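Hi everyone, thanks for coming. Let's have a look at this one together, and I'll talk you through a few spots.

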Amino acid sequence: MPTTTWNRHHILTLADFTTAEYNAVLQTAASFQEVLSRRTKKVPTLQGQVVANLFFEPSTRTRSSFEIAAKRLSADTLNFTASTSSMTKGETILDTAKTYLAMGTDIMVIRHKDAGVPLSIAQEMDRLGVKVSVLNAGDGQHEHPSQGLLDLFTICNLIDPVQPRIELLKGKKIAIVGDILHSRVARSNIWSLIASGAEVHLAAPPTLLPKFFAEYLGVNENSHRLFTHWQLEPALENADFVMTLRLQKERMTANLLPSLREYHQLFGITRPKLKLCQPDVKVLHPGPVNRGVEISSDLMDDPEFSLIQSQVTSGVAVRMALLYFIGNRF
C-alpha cells in the first residue's frame, strides 16, 4: 500500500485537495480493490474503531458503500435513520451527533439535504477537542467528495489499473451533462477534474446551468479549462468521457423544464449522440438513474460504453481508502 503523510482530519470538500492527496487516495483505493478481489475480503486496519453513518436523507449506494467499506476494514458500524430517530421528538442535529460521540464513535459519515451540516458537526467536534473525524457523504447542493473521488478513480483506473494517478487525465476532454445547478456531484467532479488538468465541459439547459455558474463556484473559466454550453453538441464533440447527471426533481422549486421527453431529446445521452465523441468514449452516471431521461436504457447496460457498474464497485474501494486515511491519522 502506498505510504504518504495524511494531515487532513475531516473530508468535507475537494476544493482544496492537493495532487498528492488525490494520488494517495487513487493508489490506496487500487490496493483495496485488490483486497476486495480476494476470497477473504477483510483487513484489520480499523479494528476496534466505530464508524457511524448519519444519513439525514435517503440513500442506497452511498450508505451501503460506506457500510461495506467500514466492515471490510474491520470497523464496527452504527447506522442512523432520521425517520426512526429521536429527531422526530425534537432532538437537534448536533445533539444527535453528540449522542453518537458518547457511544464511542471515531468517524462520522454525514449526509444531509442542507449544505454545511457536515461542516457544522466537524466544527463542533473540533470545539469539543475530541479525535472524531467527519466525512461529508453529500450535503445539499454543496459537494459529494467521495463520489467525485470514486468517479476520478473509475476513469484513472480504466486508463492505468496498475498505477492510477490524476496526471493521466491531463488534456482529456470530459463532458458533464444534466442538472448542474442542483448537483453536488458535479461540483466535486469539477474540482477534481480541474486539478487533473482535464478540459471540463458542462452542458445543460439555461435553467439548469446559470450563465455565471463558474464564477459562482469561484472558478476562472479560461485559466482552469472549464467551459459551459447550453447545447449538447459542443460539449460532446471529441469528448473522451461523458458524465450524465440525474434530474433532481425533488430539489426543483420551479418549472425548469418543459417536459422530460424534450429534455431527453435535447440532452439525453444516446448512441447516435455519442458519435460526436471519441470512438472509445465511456459514459458515467453517479446514480440513481432515470432510464430513458438522462441516458437511454440500452446504452446504460452496454459494457462497451458504460462505466456505471464500475463506479458502484469502485465506490467501496475508494471509501475504504478515505476511512483508512482519517481513521489512522492519530
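Which residue in β6 is the bridge partner of A175? It's H201. Before going on: this is a predicted model, where local features need pLDDT of at least 70, side-chain atom pairs count only at pLDDT 80 or more, and totals for chains, interfaces and linings use all residues. Residues are numbered from 1 along each chain as its sequence is written, and side-chain values use heavy atoms, with hydrogens and water left out.

Okay, back to β6, residues 199-203. Strands here are DSSP runs of E, at least two residues, and helices are runs of H or I, at least four, numbered from the N terminus. Strands pair if DSSP finds at least two bridges between them. β5, residues 173-177, runs parallel to β6, with 5 bridges joining them. Between β5 and β6 the chain passes through helix α6, residues 184-196, in a right-handed β-α-β crossover (clockwise from first strand over helix to second, with the strands pointing away from the viewer). β7, residues 226-229, is also parallel to β6, through 4 bridges, and there L202 stands opposite T228.

Is β6 largely enclosed or open? Enclosed, because 4 of its 5 residues are buried, meaning under 20% relative accessible area with a 1.4 Å probe, protein chains only.

Last stop, the lining of the largest pocket. α13, residues 308-327, gives the most to that lining, with 6 residues.

How values were computed
Buried means under 20% relative accessible area, exposed over 50%, partly exposed in between (1.4 Å probe, protein chains only).
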